[in-house]
Amino acid sequence: MNDNIIEITGLVKTFRDFWFRPLAAALKGIDLQVAKGDVFGLLGPNGSGKSTTIKIVLGLLKPTAGKVSLFGLPPRDRRARARLGYLPELSYLHPFLTARETVRYYAGLSGLDRRTAHVRTDQLLEQMGLAANSNRAVGGFSKGMARKVAFAAALVAKPELLVLDEPTSGLDPLATRDVKELIRSLAADGMTVLVTSHQLFDMQDVCSRVTILSQGQVVGGGTVADIVAKSADPRHALEDYFAASVQA
Amino acid sequence: MRHSFHLALCALVRGRVLALLLAAVALVHWLLPDFVRSDGTAAGALEMWVRAVPGVVDVIVLLVVLVVACGLFAREREEKRLALTLVRPAHALGVAYGKWLALIAVAAVVLLCSSALTLLFPPASAVSGLPPCRHHYEPKMPPAADVAGHLLESYLADPKTPEAVKKASRSAVLTLLTTKEIDRYDVVKPGATMMWPYGLEALQEKITAGEPLALGVRFSTQFEMRAPVAGKLRLGPYTAVVSNTTQSVLEIPLKKADAISPEKDSQLDLVFDNTGKTAVMVRPRRDLVVLARADSFAWNLLRAQLEVLALAALLSAYGLFLSASLSRPVAVFTALVTFLIVLMVPSVVAQFPDEFNAEFADRIGLALSRAVSTVTSSVSAPSPVADLATGKAIEWPELGRLLLGNVFVFPFVLLSLAAFVARRKALPDMD
């Protein structure tokens, strides 16, 4: 039985202008698989195609060519979308909603009934340490608090796949540590996580497997354990591997 | 849909759109009556007050709803929140409907408040209360287009008809003949009698109950402005006398006659005997209307506000469609330009009915104006403020048709399109 949550084969994405003339080739035929239970790191320098890949996986962009399946379904299928949670690079919360309303809103959009949504919202706000501020408008929250609300919103429907785009971007060290611990605990509970980041130390800490993209192509990848085992400097193993792959 | 509704409602309430609208309503009701000038009659004062106060509120509500709708999808997309919504397993159509319903709810609250203020603080001229509205019954004549069609057939069959007319575009000639038929004058010479068919089925109950009726009529005279008109009017069992009046627009009370022969009763025609010395001209399709008491001003106000709400529903659906397709400034600009075009096109069509003498470019313009006028008639045709101001009862069947189209059919189409586009344009253009 195929245990892959995400399967991408020969994925090509070319952005076109108004007259359909090719503007930029963001992805040039990438293949990758994310297995159930993986914490999968999608790494690469700016403009390498990470965000485009994620947007295609989320069904927000249509591929030019190639095949993408999410839980064996097309990414735009509602059944597939019902099983994923997404945390974007910035939290993008509605500033006029309170933390509780925000999480309930996304719970509702995910199809949770009112009672379950209330229970799950309270649980998550408690877990994120936001219970005391749950009735404050998120427009007045610090970046770290807003990130926690966004995390709660992404997790509210108990997704099987969590897609995290730069989850520690702009966070202070303590908040970064909290996020990493959260990812580890989610992985321990069996959740599959697809994560992109430029923070290679953090990625080495949380990921089980990585793929490195450069200029729209896969230029390296493997399990973090193997990469660390083969490295002369295990503390900087992923950083060295990344630099070697991208500059090759 | 429920969650999207709640979100959009929170945005409108906490974003102070509702508060600003309510403040605008209060200001209009408080300040504008001082600036209203009328012809000095109670009816004229009420008409001007209705046009100036509830009328201005209605225009504000429609414009604000349109402009706000133009931002609902576009703003979410620009701030990258739309993508977060659309990665969830929610239907994009449900999301669009939620936003649309929130706009309707806000418009409904504002119109309700405006109505309450209208009834609580009526104009000073309405000392004896706001007058009841009246049904308007027009002569029962065959449709002008059918009459024009028959006329055209007879012209084409007539060997004396000039070749130029026979070779002209059939639709152009028909349009011209239809307009001529609508504006056709019947001339009643001194001592002559003219009859206009007036099916009174709709009025039968009122006739049986002996309710007072009136005839609204505009007399024109042939060679002299405001020559005195005199004559007798008969409408089924009702009669009235017109004695040497020089007024062109008249409202003539009709009295139930004691002795009317059954034959005359059954004719149900409006008959005018010209007993004066001047030939009288009447356009039967424009100048004659039987007025019968309907219900109170308050009920008519409710129906008028429902019409405005139906217009707001259609405009907000259109705004949401633009918002899903375009960036916010472009959507607002397009919406406002369209709104102006929709308001102006009917008068262009009415003022330039004859396309025979026009240049080619003018003919294209006329054809386009007619097409736009036809497509947008659900927005431009209803005139709730004018009806309320003149005391014309807004009829429930007419209102039902408007609600069906503007609240159910057209918004469904527009919101489906909006949902389709929103899903394909969930990300900003530069992303």
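**Figure 1. Packing of helix 12 against helix 13 in chain B of the predicted model.** Tyr318(B), Gly319(B), Leu322(B) and Ser323(B) of helix 12 meet Ala331(B), Thr334(B) and Ala335(B) of helix 13; contact requires C-beta atoms, placed from the backbone, to lie within 7 Å. Helices (H or I, at least four residues) and strands (E, at least two) are DSSP runs numbered from the N terminus. Helix 12 (residues 297–325) and helix 13 (residues 328–351) of chain B pack at an angle of about 145 degrees, and their axes are 8 Å apart. Axes are lines fitted to C-alpha atoms, for helices over the stretch in contact, and angles between N-to-C directions run from 0 to 180 degrees. Helix 12 of chain B passes helix 13 of chain B in a right-handed crossing, that is, the near helix is turned clockwise from the far one by less than a right angle. The contact has four nonpolar, three polar and no charged residues; Ala, Val, Leu, Ile, Met, Phe, Trp, Tyr, Cys and Pro count as nonpolar, Asp, Glu, Lys and Arg as charged, and the others, Gly among them, as polar.

The model is predicted: local features need pLDDT of at least 70, side-chain atom pairs count only at pLDDT 80 or more, and totals for chains, interfaces and linings use all residues. Residues are numbered from 1 along each chain as its sequence is written, while chains are lettered from A and ligands numbered from 1 in the order in which they are written.

Figure 2. Leu72(B) counts as buried because it has 30 C-beta neighbours inside 10 Å; the class requires 20 or more other C-beta atoms within 10 Å, against 12 or fewer for exposed and values in between for partly exposed, with C-beta atoms placed from the backbone. Neighbours within four places in sequence aside, Leu72(B) is in contact with Ala8(B), Lys99(B), Leu320(B) and Ser323(B). Ser323(B) also belongs to the helix 12 side of the helix 12 and helix 13 contact.

**Figure 3. The open eight-stranded sheet of chain B.** The strand order is 1-11-4-8-7-6-9-3, with antiparallel pairing; two strands pair if DSSP finds at least two bridges between them. Strand 1 (134–137) and strand 3 (193–197) each have a single partner strand, so one side of each is left without a neighbour in the sheet. Neighbouring strands are turned by 25 degrees against each other on average, direction ignored. Strand 3 and strand 9 (residues 269–274) of chain B are joined by five bridges in the antiparallel sense, and Met195(B) stands opposite Val271(B) in strand 9.

**Figure 4. The open six-stranded sheet of chain A and its helices.** The strands follow the order 5-6-7-3-8-9, with mixed pairing. At the edges are strand 5 (84–87) and strand 9 (217–223) of chain A, each pairing on one side only. Strand 6 (residues 161–165) and strand 7 (residues 192–196) of chain A run parallel and are joined by five bridges; Asp165(A) has Thr196(A) as its bridge partner in strand 7. Helix 6 (residues 173–188) of chain A packs on the sheet and touches strand 3 (39–43), strand 6 and strand 7, its direction making about 150 degrees with that of strand 7.

**Figure 5. The contact between chain A and chain B.** Each chain contributes to the contact, with 19 residues from chain A and 19 residues from chain B. On the side of chain A, helix 3 (99–109) and helix 2 (78–81) each give two or more residues. Helix 3 of chain A supplies the largest share of that side, four residues.

Terms used: Contact = placed C-beta atoms within 7 Å.
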